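This briefing goes through one protein model, topic by topic. Keep the sequence and the 3D view at hand while reading.

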Amino acid sequence: MSSLAMDERQGKDAGPLVRERFRGAIWTLLILAPFIAEVLSGATRTSVLFVLIPEVMVWGVGALFCRELVRWWGAGGLSLVTLGLALSVAEEFIIQQTSIAPLPFPGAHADYGRMWGVNLVYFLFMLGYESVWVVVVPVQFAELFFPAKAAQPWLRWRGVAAGCVAFVLGSLLAWYGWTQQARVRMGAAPYHPPMRLTVLGFLMIAGLIGLAYALRGVGRPRPGDRRRTVPAWVAGFVAAVMAAGWFELIGQVFTPKAVQPFWVAVGAGLAWALLALALFVWWSSQPGWGERHRFAAAWGATLVCEAGSYLTLAGGLKLDLVGKMVFDAIAVALFVRLGLKVVRRTRDVVPVEEAVS
């Protein structure tokens with residue numbers, strides 16, 4: 001019997017206590033995904049905080065579905081990243097179409113990196129940003145908040161059905177709010193995506209989901225593996241460095257003197273992304289990779305995400321700047337508390353490399 005079916009059966013037999021046991025974990029991930037990727041990054045500002053509702057419905061539910069598929073398949077981090085890429089394509093090609101419509105942002109070079117009807121530099125950045133900061137990082141934090149439930153699926157069939165409804169409704173709200181309202185207020189011309197790009201988007205989503213399933217056994221720790229693991233602080237430091245380098249890519253869209261020709265930026269971005277992916281797949285497949293490493297890497301990436309937006313907020317509304325500072329302070333307090341809990345519960349754990357030596 002599958003774990004999902006077993007959970008459904010146990011829920012019927014054990015009553016309300018079993019049915020509610022994953023509610024805290026589910027809501028933590030639903031909130032963390034848009035909170036980290038949108039609020040802490042400064043993309044969603046205090047003055048428009050109401051847009052968190054559709055963001056929870058799209059980003060939160062999307063991250064939850066990615067996490068659930070990985071648990072149902074018994075897959076690893078590489079499959080989670082690949083599913084995050086599929087969610088990013090859905091956002092960029094189907095829902096808000098930001099990577100295929102001409103960029104409407106003030107100060108952006110709408111023609112930089114635009115080819116075949118796609119904003120290639122912007123799209124590449126969003127693939128990395130949305131797969132990591134919308135999916136991978138929030139999933140790490142949510143599972144660290146609920147370590148006893150980290151290896152289990154959290155949804156039953158009714159939850160899956162409710163999530164699908166919420167995701168579709170949230171996608172419609174996000175599409176209307178961005179393409180029909182926000183873009184118009186920015187003075188952008190109406191945009192109607194060509195059918196070929198819509199079809200391409202759906203094909204990429206299907207292909208990435210299939211690839212995630214095919215990669216489900218890659219990057220998993222193997223019995224008898226004696227490789228030593230890097231210290232947790234190294235994982236956190238490298239995650240911060242790789243994150244900072246990634247934000248340089250989106251900077252090319254807004255800087256007065258972007259790297260020319262644009263394919264140099266695309267090539268460098270791809271190389272940087274592949275290096276980061278290879279490093280963390282290699283490290284996380286080692287037997288000593290544990291909660292401290294996961295926390296350090298996730299927090300290192302989050303701190304860079306928090307710090308990067310203050311320059312753009314400085315010239316805006318005071319409400320947005322103050323709100324950003326308040327949310328950052330809340331996040332730091334929350335994650336420091338989580339980090340202390342992780343240290344306490346792993347203090348007496350013998351490193352795997354010592355146990356097998």
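The model is predicted. Its secondary structure comes to 14 helices and two strands.

**Overall figures**

- Of the 357 residues in the protein, 48% are buried.
- The accessible surface comes to about 17,700 Å², and carbon and sulfur atoms account for 70% of that surface.
- Among contacts with a separation of 6 or more, 82% are between residues 24 or more positions apart.

**Helix H8**

- Helix H8 covers residues 195-214, and its 20 residues should span 28 Å at 1.5 Å a residue; the end C-alpha atoms are 29 Å apart, which agrees.
- The buried residues in H8 are Leu 197, Gly 201, Ile 205, Leu 208 and Ala 212. They lie on the same side of H8, because they cover an arc of only 90° around the axis.
- An α-helix has 3.6 residues a turn, so residues three or four places apart point the same way.
- The buried residues of H8 pack against helix H4 (52-73), helix H5 (77-95) and strand S2 (118-119).
- On the face of H8 turned away from the buried side are the exposed residues Met 195, Arg 196, Leu 203 and Ala 214.

**Helix H11**

- Helix H11 (residues 291-307) has 17 residues and reaches 24 Å from its first C-alpha to its last, close to the 24 Å expected.
- H11 is mostly covered, with twelve of its 17 residues buried. Among them are His 293, Arg 294, Phe 295 and Glu 306.

**Salt bridges**

- The structure holds six salt bridges.
- One of them joins the side chains of Glu 143 and Arg 71 (2.8 Å, N to O). Glu 143 lies in helix H6 (residues 120-145) and Arg 71 in helix H4, so the pair ties together parts that are 72 residues apart in sequence.
- Glu 143 counts as buried because its relative accessibility is 2%, whereas Arg 71, at 21%, counts as partly exposed.
- Glu 143 also meets Arg 294 in a salt bridge (2.6 Å, N to O). This pair links distant parts of the chain, with Arg 294 in helix H11 and Glu 143 in helix H6, 151 residues apart.
- Arg 67, Glu 68, Arg 71, Glu 143 and Arg 294 are linked in a network of salt bridges.
- Lys 324 and Asp 328 form a salt bridge as well (2.7 Å, N to O). Being four residues apart in helix H13 (residues 318-346), the two are separated by about one helical turn.

**Loops and backbone**

- Phi of Trp 116 is near 60°, a positive value in a residue other than glycine. With 63% relative accessibility, Trp 116 counts as exposed.
- Phi of Gln 97 is near 60°, also positive in a residue other than glycine. Gln 97 is in the loop between H5 and strand S1 (114-115), and at 8% relative accessibility Gln 97 counts as buried.
- The peptide bond from Gln 260 to Pro 261 is cis, with omega near -10°. Pro 261 sits in the loop between helix H9 (232-254) and helix H10 (262-284).

**A nonpolar surface patch**

- Val 165, Val 168, Leu 169 and Leu 172 form a nonpolar patch on the surface, with about 360 Å² of accessible area together.
- Leu 172 belongs to helix H7 (residues 157-185). At 52% relative accessibility, Leu 172 counts as exposed, since the cut-off for exposed is over 50%.

Technical notes:
Residues numbered from 1 in each chain as written. Predicted model: local features only at pLDDT ≥ 70, side-chain atom pairs only at ≥ 80, totals over all residues. Heavy atoms only, no water. Expected span 1.5 Å × (residues − 1). Buried < 20%, exposed > 50% of the residue type's maximum accessible area, 1.4 Å probe, protein only. Arc of directions from axis to C-beta. Contact = heavy atoms within 4.5 Å. Patch = residues over 30% accessible without salt bridge, like charges linked within 9 Å, V, L, I, M, F, W, Y side chains within 5 Å. Areas by Shrake-Rupley, 256 points an atom, 1.4 Å probe, with all protein chains shown as cover. Salt bridge = Lys/Arg side-chain N within 4 Å of Asp/Glu carboxyl O.
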